[in-house]
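Hi,

Here is the structure I wanted to pass on to you. Have a look at it, and then read on for what turned up.

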Amino acid sequence: MINAQIIEAENAARTADLSADYDALGSRLARRGIDIEALTARAMAFGVAVPSWGTGTGGTRFARFPGEGEPNGIMDKLDDCAVIHQLTDATPSVSLHIPWDKADPALLREKAEETGLAFDAMNSNTFQDQPGQALSYKFGSLSHADSATREQAVAHNLECIEIGRQIGSKALTVWIGDGSNFPGQTSLSKQFDRYLESMHRIYAGLPDDWRIFSEHKIYEPAFYSTVVQDWGSSLMIAQELGEKAQCLVDLGHHAPNVNIEMIVARLIRAGKLGGFHFNDSKYGDDDLDSGTIEPFRLFLVFNELVELEGTAGLDLAHMIDQSHNVTDPIESLIISACEIQRAFVQASLVDRIALEGYQRESDALMAAATLRAAFRTDVEPILAMARLRANAAIDPVATYRASAYRAEVAEKRPKSSGAGGGIV
Ligand SMILES: [Mn+2]
């Protein structure tokens, strides 16, 4: 991790400016009847999980261009995750991907204790073949026409639950690449039935206090049809499986222009929203850094979450799911965690009483203006103050660069290969 003295020195140079900005924002918010301290407390309580796989450079189907000092294995990844949390105080947990992160659970627990991190939802992987695997997933996994292949995929998911159980995780996220590339290649209805049958068996293996998340994705890697392609399919799955099954919304897994915040509202209404994979996109599942393309959409998603806060049974797993192709993954994850937290705080300062009034009066213009007033408020001093009070960094990226962490680990970590594509 980064030497605390470096963080202190970096913060010392910025504290006076921050205090002035914080006081000024506090006065502005007070005129709107908003207590800045309440918002800072909310910012401090907010957390989003980092994906272990996000700490390495991602790639496209064409190539991967790894950077210096990339993590080699899960223990390095956890070190990087710890640095992200140390600097932001916004990422207290990590989401693991099996078998990429497979390790002795006792060692994982030890490392988590050493780094102060917890484990969020486990992720299974039946979208690619692993070395030595008996049966291929080329034509599907949990929905494969061959029962032995389905069996193998079910067993893998049960193993993920078992590893997760030993390290304190409480959920399994299932995303499959199953689908088809040609009309007629598969029976759309029978394939879905086979998927449900497999999921029932995984569901039966869930501990009592666990949840299973169904993650939908519109297309890719299958390009004609996808088994769990939309929130409707995902909702059907969650409803059919039972109480412990919920839907996970990955922001990038929708067609452009889809109203994701409305999907969020519907799933909450159904008691079936389990969590998020945050990222951003311009064209498809681009896995870009959260808040870099459509920050207003991210805000509108959080606007729904804040409005419906307190809904019975609503317990969301916030996770990031991105692929970093041209940036230092630690920096991208820092920025994303801060942007997600920013959207949460901005949504928290929506004047809900005024908004409800405008909605009752059908005053569309003023209702939209009420949301914009919250979105336009620069809450950076609140986020920075939350970090300072938690001994994290006022400016996390600048502090990270000043620490030379990447150069230091590059000396210890062997250079990773750029061979092969890197869809992650
Ligand atoms: Mn995802």
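Let's start with a helix pair: α2 passes α14 in a left-handed crossing (left-handed if the near helix is turned anticlockwise from the far one by less than a right angle, right-handed if clockwise). Helices (H or I, at least four residues) and strands (E, at least two) are DSSP runs, numbered from the N terminus. On the α2 side, Thr-15, Leu-18, Asp-21, Tyr-22 and Leu-25 make the contact, and on the α14 side Pro-381, Ile-382, Ala-384, Met-385 and Leu-388 (contact puts C-beta atoms, placed from the backbone, within 7 Å).

Before I go on: this is a predicted model, where local features need pLDDT of at least 70 and side-chain atom pairs count only at pLDDT 80 or more, while totals for chains, interfaces and linings use all residues. Numbering runs from 1 along each chain as its sequence is written.

A second pair is α11 (residues 329-348) with α15 (residues 396-403), and α11 passes α15 in a right-handed crossing. Ile-330, Glu-331, Ile-334, Ile-335 and Cys-338 of α11 meet Pro-396, Val-397 and Tyr-400 of α15.

Then there's the sheet: open, 6 strands, parallel pairing, in the order β4-β5-β7-β9-β10-β11 (strands pair if DSSP finds at least two bridges between them). At its edges sit β4 (122-123) and β11 (317-320), each pairing on one side only. Inside that order, β7 (residues 211-215) and β9 (residues 245-250) run parallel over 4 bridges, and Phe-213 has Gln-246 in β9 as its bridge partner.

Cheers

How values were computed. Axes fitted to C-alpha atoms, helices over the stretch in contact; angles between N-to-C directions. Contact = placed C-beta atoms within 7 Å.
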